[in-house]
Amino acid sequence: MRVLEPWVESPLTEFLAESSAQLVLLMTSSGQVIAQHGFTRSLDVMSVAALGAAIVASTGELARVMETESLGHVVHQGKGCGVLLAPFPMGQKTWIGLIVFGRDTTLGLVQVFFHTMAQQIREAAPGSGKAEQVLAEQFEDELNRSLRRLFGR
Amino acid sequence: MVGALSVSNRYQAVMTSITRVGGVRSACVVDAVDGLVVAEVSRVGTDPGPLAALAANLTRKLDGALGLAGHGPPRVIHVEAELGHLMLKPVSPEILLVAITDTEANLGLLRLALADAAERLD
């Protein structure tokens, strides 16, 4: 497991133990990675974070077009594994959890413990939980810095 | 189709027949594969989401343990706690019935109600 924010580690560790998730990626709505577990290559993380954030943004836009409040979680159920994309409020911002889980657990269980983890992260966040704003021009530097910290490169 | 109940109404009717048993606080039909709520009736506002997820997980683990013991899949799972009982009735590999009761519940009647409900859903 690699985390950018140390206060995320404990809730994430507990979530992994309880849910039996295989891969976890926590990111901001702009795709900036906060923590990851199970990924071995930085390229995977970059791609998955970008795609996950894009999917959540797309469903958010779809909700806006449909004039509904929110479409909530996005779930892809495959034969061998499932993927849960779960946005959750974090102070003024939205964070996204991307969880890949196998057949040794269930979607319901992953959702229950994800909800608990999100609550614990909100409580553990220093101050108001407002993350430092990442400007567009800083984004690439920020992303590369995050990846170096997440993969020790 | 005159007199036919929609699928969701059928589940709801089954749930109601279980919660009619004295002492039953809530009952739900659970998708045992995903651990999600299919239908639920609650008298006390129990959050069915975590209940469904954990009940499906418990059933799956006990199913594994009973398989190792050579006893086959569980027919009824009964957990007695300090303040009540939890009774689980697998209907099929995909469907699970869950009932939560207080300590005064008529457990024999509940077993019969769950068996009857399982037959109606299967």
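Which residue just after α2(B) takes a positive phi? It's Gly70(B), with a phi of about 80 degrees. Okay, hi everyone, some ground rules before I go on. This is a predicted model, where local features need pLDDT of at least 70 and side-chain atom pairs count only at pLDDT 80 or more, while totals for chains, interfaces and linings use all residues. Residues are numbered from 1 along each chain as its sequence is written, and chains are lettered from A and ligands numbered from 1 in the order in which they are written.

Let's start with chain B as a whole. Chain B has three helices and five strands; helices here are DSSP runs of H or I, at least four residues, and strands are runs of E, at least two, numbered from the N terminus. Going along the sequence, the pattern in chain B reads α-β-β-α-β-β-β-α. Of its 122 residues, 35% count as buried, meaning 20 or more other C-beta atoms lie within 10 Å of the residue's own; exposed means 12 or fewer, partly exposed is in between, and C-beta atoms are placed from the backbone.

Now back to helix α2 of chain B, residues 48-68. It has 21 residues and reaches 30 Å from first C-alpha to last, close to the 30 Å expected at 1.5 Å a residue (that's 1.5 Å times one less than the number of residues). Its buried residues include Pro48(B), Leu51(B) and Arg60(B). And what do the buried residues of α2(B) pack against? In chain B, they pack against β1, β2, β3, β4 and β5, and they also pack against α3 (107-124) of chain A.

Next up is α3(B), residues 107-121. Leu110(B), Ala113(B), Leu114(B) and Ala117(B) are buried there. They cover an arc of only 100 degrees around the axis, so they sit on the same side of α3(B); the arc is that of the directions from the helix axis to the C-beta atoms. Here's the handy bit: an α-helix has 3.6 residues a turn, so residues three or four places apart point the same way. On the face turned away from the buried side, you'll find exposed Gly108(B), Leu112(B) and Glu119(B).

Last stop, chain A. It has an open sheet of six strands in the order β1-β3-β2-β6-β5-β4, with antiparallel pairing (strands pair if DSSP finds at least two bridges between them). β1 and β4 of chain A are at the edges with a single partner strand each, so one side of each has no neighbour in the sheet. β1(A) pairs with β3(A) over two bridges, and Val3(A) stands opposite Ala35(A).

How values were computed:
Two residues are in contact if their C-beta atoms, placed from the backbone, lie within 7 Å.
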